[in-house]
Amino acid sequence: MTQYVYRFGGGVSDGGKGDRNLLGGKGANLAEMASIGLPVPPGFTISTDFCAVYYDEGGQFPQALRDEVATGLAHIESVTGKTFGNPADPLLVSVRSGARASMPGMMDTVLNLGLNDETVEGLANTSEDARFAWDSYRRFIQMYADVVLELDHGAFEEALEIAKEDQGFTLDTELSADDLKALVAEYKGLVEKQWGKPFPQDVHDQLWGAVGAVFGSWQSERAKVYRRLNDIPGGWGTAVNIQAMVFGNMGDTSATGVAFTRDPSKGDRAYYGEFLINAQGEDVVAGIRTPQYLTKTAREDAGAKPASMEEAMPEVYGQLADVFDTLENHYRDMQDIEFTVEKTKLWMLQTRSGKRTAKAALKIAVDMANEGLITREEAILRIDPMALDQLLHPTLDPKAHRDVLTKGLPASPGAASGSVVFDADTAEKKAADGVAVILVRTETSPEDIHGMHAAKGILTARGGMTSHAAVVARGMGRPCVSGAGTLSIDAKAKIMRCGGREVKEGDLLTIDGTTGEVMIGAVATVQPELSGDFATLMVWADEVRRLKVRANAETPEDCRVAREFGAEGVGLCRTEHMFFESSRITNVRQMILATDEKGRRVALEKLLPEQRKDFTEILEVMAGLPVTIRLLDPPLHEFLPHEEAEFAEVATAAGIDVDTLKRRAAELHEFNPMLGHRGCRLGVTYPEIYEMQARAIFEAAVDVAEKSGAAPIPEVMIPLVATRRELELMKAVVDKAAQAVFAEKGRTIEYLVGTMIELPRAALRAGDIAEVGEFFSFGTNDLTQTTLGVSRDDASRFLGAYVEQGIYAKDPFVSIDVEGVGELIEIAAERGRQTRPAIKLGICGEHGGDPASIAFCEKVGLDYVSASPYRVPIARLAAAQAALSKK
Ligand code: PEP
Ligand code: MG
């Protein structure tokens, strides 16, 4: 029989940190903390295995599980000495979700479970605090009604507000025991009215209701969206943790808080967190009351008055600090912790690896390696390469003018400008139309997740550094300013006010998540500094990686950025983009529309000096490094004129009449241009085009070699080759141009001629193609398109559904389809090497910047990957990780 229930606490630990898949992150870590002697309230976990059973059984609980849960409850009862449902001294429990990967705020939680009309009196007696007992009961009903019964929670909040207003109170804590008792009666009335049945008094019914709700929340819309955004498989399921309640709301010697063992925003080695005296856990996370700082230094730095925990509760704080150190040493990573102090006794409620910004991730990894807590190799493996993206983008120019509207908390670093929106749906819609948006909310909730993802930045009026907005934004790498308390937001009217100024939907706003500043308008930005921890980690990564990293770049500017980011060459310079420049397009059009070779040559003569200039600048910037230049690839009609004026301009330049030109343009029309007259087929039919391009390359290369002494190494690449013969013909054109230029200039330089492998036939016939080609570069954009028979330009319409249904694990245009396209690459590499053992192999499709695809390239033993300039550091790190993982 499968075991579903695992106990922890009171000297018992049925599981531990190795059981994450089974117990979920929370359950495994609770068991682990208990096993190393930390104070954890006793409890038990219903494993993730049961989640699938729950759905298979249509939400029913088999007797075997009920028996195991009874044993679990007996364990809690024996450790606490309290009994579940006992009117004299009741045991209360929390019921919480906990999946394998943490999903902050996405899933359901119920606290104070086990209270009813009788046990509330028992709790009042044993705690000698009637106010506390009734407050716990009203919180329980409110949460249960929301999470389990799914009733309208607005009605409950309204009743609470009215109860406070009636007495002229502003804080919940001002309500007396009698006020709360009256509120409980009102809440029960609301439940009965909305649900049609009285609030459940049987504590076991309460428990099973809550367990069902937590398992049910795995399939909630917001959980599904979160999983999709974070690549978490739906099949993992959640576990449910049932644990004895401890109370942070038992007066002024009680408190609750959340903490990180290091700063999750900057990575500094300083305890970081917030706590609230006389409160329950959700009060901190929900951002309802403004929490106090954990440490004296943090309080002083922020210029805040209310005492820090270090000052208010020095003894418990000391214990907590010891626990932080124990946990960091035990887990060898920065921890995110939840704790409660019940009448001066410290309890640990959760620990997990803390989410952090890319900047913090780098600093923590480098510091921990230097502290000797982890190895350098582990430090390299700790950083998600894609997270580096956050660091590679511009920050606000310190010299730019800032019209500061207000200041909030620097919740997630980075700067963002965009047009203001006040709800998540609008954020998503506008972002889909290509508008950069800043999502402004009073506070965010898990329902806002899609809008937060779509936004460039997030601004909230309420909530602290560990509020939902802050945690989620840091996880997503979105800049966020939270708790900008001077903002008054009217989301319905789509307007916010601050200090007599108004900002409406659509107005431009800039936020700086590093300083907390909120500015009117868009503020200028500057390029990031790539020094410090970033540089250190990159050096470590470069020491272990085998794959070289090049850039896809076609302007001198792109090449400069790429070199700064550490590119070791250009893997793809697409020459067609140079053709689109306004100064050349007329000559290009004249070339295309010419009806014979003579006409084409006239136009090509005019293009030659321009192309030579392009290549000269690029080869200068990349001096000493290989530069792969690809000859013209796209179907010619892409360059055709559309407007009358454009036709007229070309007609004048070429000396032909407009009607003839239009007829010629119509002749060039293709039904399926992606599979039409493009790639080397252009060179085969109009060799003079490739001849001009090759000449421009060699003239430039010889010039640069002459000037700088550091001879560039051009690699001339022929696109869309399917057969050996095509490459042979094109190589002859290139070689002839090279010999001509070398003879004219009296100087020879080294160069290679190779081909892209981007058609299945080319991959299969790589053995004979390698007889001619000196290098292969896998063009996986076209190779994916032609292998899957899926148009790269139309795929987005249906590929989403394919990924959702698991037909492809990921979008195959983003991450290599290892089974299909990958097999062709393996075949081509093997057959190419058989013919030419030293053949140079690289990849220049978009996949060259995708970490999973880079791991595949390492496995196949390619020589280099080529990615867009901003992805170069990502590729360097991913290549290092791939090399380490292969060991
Ligand atoms: C490719 O097909 O992968 C490639 C790099 O070429 P392009 O994207 O220009 O077709
Ligand atoms: Mg291509």
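**Figure 1. Secondary structure and overall dimensions of the predicted model.** The protein holds 35 helices and 34 strands; helices (H or I, at least four residues) and strands (E, at least two) are DSSP runs, numbered from the N terminus. This is a predicted model, in which local features need pLDDT of at least 70 and side-chain atom pairs count only at pLDDT 80 or more, while totals for chains, interfaces and linings use all residues. Residues are numbered from 1 along each chain as its sequence is written, chains are lettered from A and ligands numbered from 1 in the order in which they are written, and side-chain values use heavy atoms, with hydrogens and water left out. Along its principal axes, the C-alpha trace spans about 105 × 65 × 50 Å. Of the 887 residues, 55% count as buried (under 20% relative accessible area; exposed is over 50%, partly exposed in between; 1.4 Å probe, protein chains only).

Figure 2. Helix 20 covers residues 556-564 and includes Val561. Val561 is buried because its relative accessible area is 18%. Apart from neighbours within four places in sequence, Val561 contacts Pro869 and Tyr870 (contact: heavy atoms within 4.5 Å). Across the protein, 69% of contacts between residues at least 6 apart in sequence join residues at least 24 apart.

**Figure 3. Negative surface patch around Glu150.** Asp146, Glu150, Asp152, Glu157 and Glu158 make up the patch. Patch residues have over 30% relative accessible area and no salt bridge, with like charges joined within 9 Å and nonpolar side chains (Val, Leu, Ile, Met, Phe, Trp, Tyr) within 5 Å. A salt bridge is a side-chain nitrogen of Lys or Arg within 4 Å of a carboxyl oxygen of Asp or Glu. Glu150 sits in the loop between helix 5 (130-147) and helix 6 (153-167). Glu150 counts as exposed because its relative accessibility is 66%.

Figure 4. Ile807 belongs to the loop between helix 32 (796-804) and helix 33 (821-835). With a relative accessibility of 47%, Ile807 counts as partly exposed.

Key: Areas by Shrake-Rupley, 256 points an atom, 1.4 Å probe, with all protein chains shown as cover. Lys, Arg positive; Asp, Glu negative; His and termini not counted. Charge placed at Lys NZ, Arg CZ, Asp CG, Glu CD.
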